[in-house]
Every structure is written in structure tokens, then in C-alpha cells.
Amino acid sequence: MSSRSHEIPLRLVQNQPALAPVLLREVLDYPLPEYSEVASTSEALTNCDPKEWNVDSAVVLRQGTRTVLGVAIERQNCYDPKKRYSWYAYLATLCGRLECPAVLVVLCPDRALARWCARPFETGHPDFVLRPLVIGPDDLPVVAEVERARELPELAVLSARAHGSGDVRTLKALVEALDATADRNRAFYYDYVLSGLNEAARRELEGLMSVETYEWQSDFARKYVGIGREEGREEGREEGRAQGVARSVIGVLEARGFTVSDQVRARIRSCTDLGVLEAWVPKAVTVQAPEDLFD
């Protein structure tokens with residue numbers, strides 16, 4: 001099963017295909033063709049029965065009705081020499097399917113792996129050498145401007161994850177990005193960034209996300225971050241804090257698109273152990289079904 005560290009960067013591209021040409025242009029300095037549209041395309045790169053090729057994510061750039069570039073995007077979390085043989089199969093198959101140029105972009109979580117992935121791969125055919133376009137954390141742009149963060153929230157998420165431990169401006173931009181993105185994505189994006197920060201940056205982000213220090217235009221912080229604090233302060237009782245956190249747990253599950261059954265809802269609301277409830281909040285971000293919360 002794929003890990004969250006593998007899936008979330010790909011979900012950023014799937015949620016916002018326009019992120020792909022931005023990474024190509026601004027990070028990799030790739031000369032893009034003229035295009036008027038960016039769209040997701042099928043990750044299945046299968047042309048025959050014996051072998052199925054599935055890239056992690058795929059994007060197409062179109063100029064009018066004409067497809068001008070295919071982008072195969074891979075998230076690589078570990079050293080895997082066999083993966084290189086798949087990469088040029090992905091690239092060739094995508095190119096053949098779309099009948100246009102195609103590029104391979106590999107997203108890496110650390111510098112060492114990025115250097116390894118960027119090494120040229122000799123296919124054996126004369127002059128046919130695959131040089132993956134690799135993006136490591138150091139390559140990602142620093143998104144510190146409010147307008148930029150709200151324009152492309154997914155880029156601000158990648159920026160805050162890569163640079164947030166050393167540049168608080170990216171965390172402030174992330175707050176704006178979360179406010180500008182769709183409700184269903186906010187909990188995922190926030191948790192992904194938070195999990196990659198050092199302790200000081202985590203405290204900084206948690207403080208920025210608190211309704212005590214940021215005037216939210218959306219309901220995200222009130223629902224998923226600050227409600228437990230607010231209700232606890234208003235009611236002044238352990239019971240009030242527990243009820244607030246219980247609502248946060250249900251809110252996260254609903255934000256992810258789950259239908260929370262009456263039975264699950266009642267079990268969460270009836271829990272009076274604040275420690276258990278607080279442990280359920282981050283778990284609600286990753287479970288495959290609301291019922292898994294209690295495993």
C-alpha cells in the first residue's frame with residue numbers, strides 16, 4: 001500500500017494539474033510549448049495485455065484541441081534500480097499514446113535521492129539516454145507572497161513542506177493557500193505540511209492556524225483546528241473541550257468526503273476521554289473509512 005508521503009504530492013498534481021507546467025517552467029527551466037489548457041489524463045499507459053504500465057500521475061497540455069505535451073509524474077521515495085526500466089517505458093508509452101512530445105518528472109523527498117534519480121540512464125540504443133527531470137526539496141520555489149499562494153495553493157503546499165522549517169514566510173503563505181483551496185483538500189494539505197516540519201515550525205504553524213491569531217475568511221480553522229480550544233474556553237469545563245474535539249473529528253471525516261453514520265457519530269460524541277478524542281483528530285485525516293477510527 002502506498003504511503004501518505006507518496007500519495008499526497010501526487011494528489012496535489014491531480015487536484016491541480018496546472019501545477020505540472022509551473023514545476024516544469026519555474027523549477028526545471030523546461031521550455032514549454034504554447035498551450036491554452038492543462039488537464040489530467042489517464043495514468044494507465046497500457047497498450048497491450050502482457051504488461052500494464054501505470055505512472056503515478058499524468059498531465060496533458062493542450063493548445064486549443066491539439067495536445068502539445070504529455071507529463072508523466074513519478075513520486076520516488078526510495079532507491080529502486082528496477083524503477084528506471086519502468087520510467088522510460090512510461091515515457092515512450094505516453095508519447096506514443098498522445099502522439100506528441102512527453103517528459104518525465106520525478107518528485108523526491110530528499111537531496112540524496114534526487115541526485116540518484118537524476119543520473120542519466122543508458123537504454124542501450126545509441127544516443128537514447130533518459131535524463132529524468134528531477135525535483136528535490138531544495139529545487140522547489142519559496143512561495144511567500146499571498147497572491148501567489150492563493151493563485152496556486154498546491155505550489156504553496158510543496159513550498160511550505162520543503163522550506164517551512166527555515167522560512168516562516170512560507171507557513172504564513174500556506175495559511176492563505178489553505179483558505180483559498182477547496183474544503184475537501186484542506187485537512188490533507190495541512191497535515192502533509194505539518195508532518196514534514198521541525199518542532200519549532202510545527203508550533204509556528206499551529207499558532208498561525210489558531211482562530212486566536214488568524215481571522216479566517218473560511219470555516220476551516222473554526223471547524224478543524226480551533227473549535228476545541230474555543231468551546232473549552234467558552235464552557236470552561238472538560239466536557240466542553242471534549243465536545244469541541246469530537247466535533248473536530250467528525251468535521252475532518254466529513255471534509256474528506258465520508259458519510260459519517262449515526263452509529264459512528266454517536267460513538268465519537270459519547271466519548272468523554274479527551275486524550276482519546278485528541279488522538280482521533282490526526283487519525284481522522286488518514287483512515288480509509290470512518291469505522292477505522294476505532295481500530
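1. The sheet: five strands form an open sheet in the order 1-2-3-4-7, with mixed pairing (strands are DSSP E runs of at least two residues, numbered from the N terminus; two strands pair if DSSP finds at least two bridges between them). Strand 1 (37-40) and strand 7 (133-135) are the edges, each pairing on one side only.

2. Before going on, note that this is a predicted model: local features need pLDDT of at least 70, side-chain atom pairs count only at pLDDT 80 or more, and totals for chains, interfaces and linings use all residues. Residues are numbered from 1 along each chain as its sequence is written, and side-chain values use heavy atoms, with hydrogens and water left out.

3. Inside the sheet, strand 2 (residues 57-63) runs antiparallel to strand 3 (residues 66-75), and seven bridges pair them. V59 has V71 in strand 3 as its bridge partner.

4. Now the helices (DSSP H or I runs of at least four residues). Helix 7 (residues 168-180) packs on helix 9 (residues 199-209) at an angle of about 35°, the axes being 10 Å apart (axes are lines fitted to C-alpha atoms, for helices over the stretch in contact, and angles run from 0 to 180 degrees between N-to-C directions). Contacts (heavy atoms within 4.5 Å) involve, among others, V168 and L171 in helix 7 and A201 and L205 in helix 9.

5. Cysteines: the whole structure has zero disulfides (cysteine sulfur pairs within 2.5 Å). For C78, the nearest cysteine sulfur, that of C117, is 9.0 Å away. For C108, the nearest cysteine sulfur, also that of C117, is 3.6 Å away.
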